[in-house]
Amino acid sequence: MVQLSACLLRKIPGPPRIYKRLQTFRLNARYEGRSRNCYVVGQGYQLKSMQYTRVARKNKVLDFKELYNLRLEAAAEEHGIPFRYLWDGLRRMNILLNRKVLQDIAIYEPRTFAGFCELSKQHQVDQGLNLPPHSYPKIPVNTKGML
Amino acid sequence: MHDRRRVLQWATFARSWWIFDANHQCPFQSANRLCLFLEGKHKPIYHPLSDCGDHVIVINTKHIAMPDRFWRAWRHFHHTQYAGGFQVQRAWQVHREDPTKILKKQIYSTLTGNLLRKGLMARLHLFPEEDVPEGMLRNVSNQIRQVMPVPKTLEDYPIEERESFPRVFEWPEEYVVKDGKEFERQKEYLDEDLSLSKLQ
Amino acid sequence: MTNRGIPSAFLRTTLHNGIGRYVCQLQRLTIKFCKEQKQSRGVRDFIENGLVDFAKNNPSVAVYAQVKRHRSPALVAEYLNGKTHIIPVAEKEAAELLEWLDFLRTRSGEDLIRMRKSQHTFSPSIQGAWTPVTNKQVFPPDFTFPNNELFQAHKFTESATDILQRLARKSTSKTD
């Protein structure tokens, strides 16, 4: 602690208290009753809402992952290949697209997604891996060993 | 939204009709598959809040195949909300009264229990036999794959194929093949069961 | 604390600005300052040295210097879309002011609010979005439903009968 002169010994006032309170009021603006008008009541609500958002941040990711899985299973099943085989094939071919991008492609660029499915099937056949009997490529793709 | 883009969205969310043959199909496995189509989980655009499910017509519900001992073991509970109003029915009893009820109940319980369920059930059309109204059949644009192979009886195979089927050994000419007594004995048990049910 | 309560928007540009000729969206700049107070010192310094150069370099912007006695200094930018952006510049140096001016000059004038997504497009699909008929199996015109031969269950494993038949076929071929 540095005290070079007596005048620095005095208590230095911080920022006005109202700024801390205004933040709480701003965050609780949508609530009903005293929780948005009284600071003391609103404090608890603010704390609880922040706890909820912390949990929700994680749950949101899991929910989206579940939804993407459902969509991709449906999309892959249309081309006669279970999604886990498609996913495995893409990893092996070093096509490192995540679930979000893959499902975007399945919805908005369906012909590209069909290409992914056929490539994945062919690659697994080339590697000598077992596919389900109905999942073999309809027209053989000549990969020339490049994948 | 631009007019052209609005119409494209109609195409994406268009509802289609499917048909499913329940002949010799397990109702539990069938329900799992049919629910995918009713909820729209067979589409890459699926979202639980967007109503993107399809219509499903199910035929031959009278000829479903329950696994193992389920014709006797599967129970349907009902309560009239009055004192002593509790009822229990076995699968074969329910099936005799209404041949579509087992599949309907199974699909209802497999669907997610929310406010959409009633609407989804309205898109399910069950028929005990193959007599689907012609107007409904005209909507159908695709068929749902069956969940299990339909068994063939010996009579379904042509005689040539039966003759050429590989045999481990040949019966001697003087050997008498077992008669149908065992089958008749089983049939007696079944008849007893049926007569008991009539008394109830 | 709801995200719903905070105003939000999608990313956008002003009338495809920059596709043809670029139009500077900043139309009017008012520098408010005080002649006496200490907190306007940097602004006064900038007006003496850098303001004329700035006005010469940006002829499309009308620049005003307005004296507000005993008030804190501010930059008031008015844009082509009618919106106003005020930046308080108390206790700021002249060099820092130049950076703020650059920021105001290159802005589109849209409100600075929470972005719902970091990207936005009016043409999400080039190949056409997925529809129920995109990947649908094509049937001949005389095809009637139900057709049980085409939609039998997939056979994933061999049954005991299949295995026996396969073994029998193998043994007969060996004897031949």
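How much of the chain is helix and how much is strand over residues 35-108 of chain C? The legends below start with that stretch. The model is predicted.

**View 1. The annotated stretch of chain C.** Over residues 35-108, chain C is 38% helix and 23% strand. An unreviewed UniProt entry annotates residues 35-108 of chain C as "domain: Ribosomal protein/NADH dehydrogenase".

View 2. Strand β4 of chain C covers residues 74-79. Strand β5 of chain C covers residues 84-88. The two pair in the antiparallel sense, over 5 bridges. Ala74(C) faces its opposite residue, Pro88(C), in β5(C). Between the strands of this hairpin are 4 residues. Gly82(C) sits in the turn and has a positive phi of about 90 degrees. Is β5(C) largely in the open or buried? Of its 5 residues, the number buried is 0, so β5(C) lies largely in the open.

**View 3. The open sheet of chain B.** The sheet is open and has 4 strands, in the order β5-β2-β1-β6. Their pairing is parallel. At the edges stand β5 (124-126) and β6 (140-143) of chain B. Each has a single partner strand, so one side of each is left without a neighbour in the sheet. On average, neighbouring strands of this sheet are turned by 25 degrees against each other, direction ignored.

View 4. Strand β2 of chain B takes in residues 55-59. With β5(B), β2(B) pairs in the parallel sense over 3 bridges. Val58(B) has Leu126(B), in β5(B), as its bridge partner. Helix α2 of chain B, residues 27-39, packs on the sheet. This helix touches β1 (17-21), β2 and β5 of chain B. The direction of α2(B) makes about 150 degrees with that of β2(B).

View 5. Strand β3 of chain B runs over residues 75-79, and β4 of chain B over residues 86-90. They pair in the antiparallel sense, with 5 bridges. Arg75(B) stands opposite another arginine, Arg90(B), in β4(B). This hairpin has 6 residues between its strands. In the turn, Gln81(B) has a positive phi of about 75 degrees.

View 6. The domain assignment divides chain B into domain 1 (15-148) and domain 2 (159-199). How far apart do the C-alpha centres of these domains lie? They lie 34 Å apart.

**View 7. Where chain A touches chain C.** Here 20 residues of chain A are in contact with 14 residues of chain C. On the chain A side, α2 (39-78), α4 (99-108) and α5 (110-126) each supply at least two residues. Which of them gives the most? α2(A) does, with 5 residues. By class, the chain A side has 10 nonpolar, 6 polar and 4 charged residues.

**View 8. Where chain C touches chain B.** This contact takes 15 residues from chain C and 20 residues from chain B. The chain C side divides into 8 nonpolar, 5 polar and 2 charged residues.

Methods
Residues are numbered from 1 along each chain as its sequence is written. Chains are lettered from A and ligands numbered from 1 in the order in which they are written. This is a predicted model: local features need pLDDT of at least 70, side-chain atom pairs count only at pLDDT 80 or more; totals for chains, interfaces and linings use all residues. Two strands pair if DSSP finds at least two bridges between them. Axes are lines fitted to C-alpha atoms, for helices over the stretch in contact, and angles run from 0 to 180 degrees between N-to-C directions. Two residues are in contact if their C-beta atoms, placed from the backbone, lie within 7 Å. A residue is buried if 20 or more other C-beta atoms lie within 10 Å of its own, exposed if 12 or fewer, and partly exposed in between; C-beta atoms are placed from the backbone. UniProt positions are given in the numbering used here, feature names are shortened, and annotations may be inferred rather than shown by experiment. Ala, Val, Leu, Ile, Met, Phe, Trp, Tyr, Cys and Pro count as nonpolar, Asp, Glu, Lys and Arg as charged, and the others, Gly among them, as polar. Domain bounds come from an automatic or database domain assignment.
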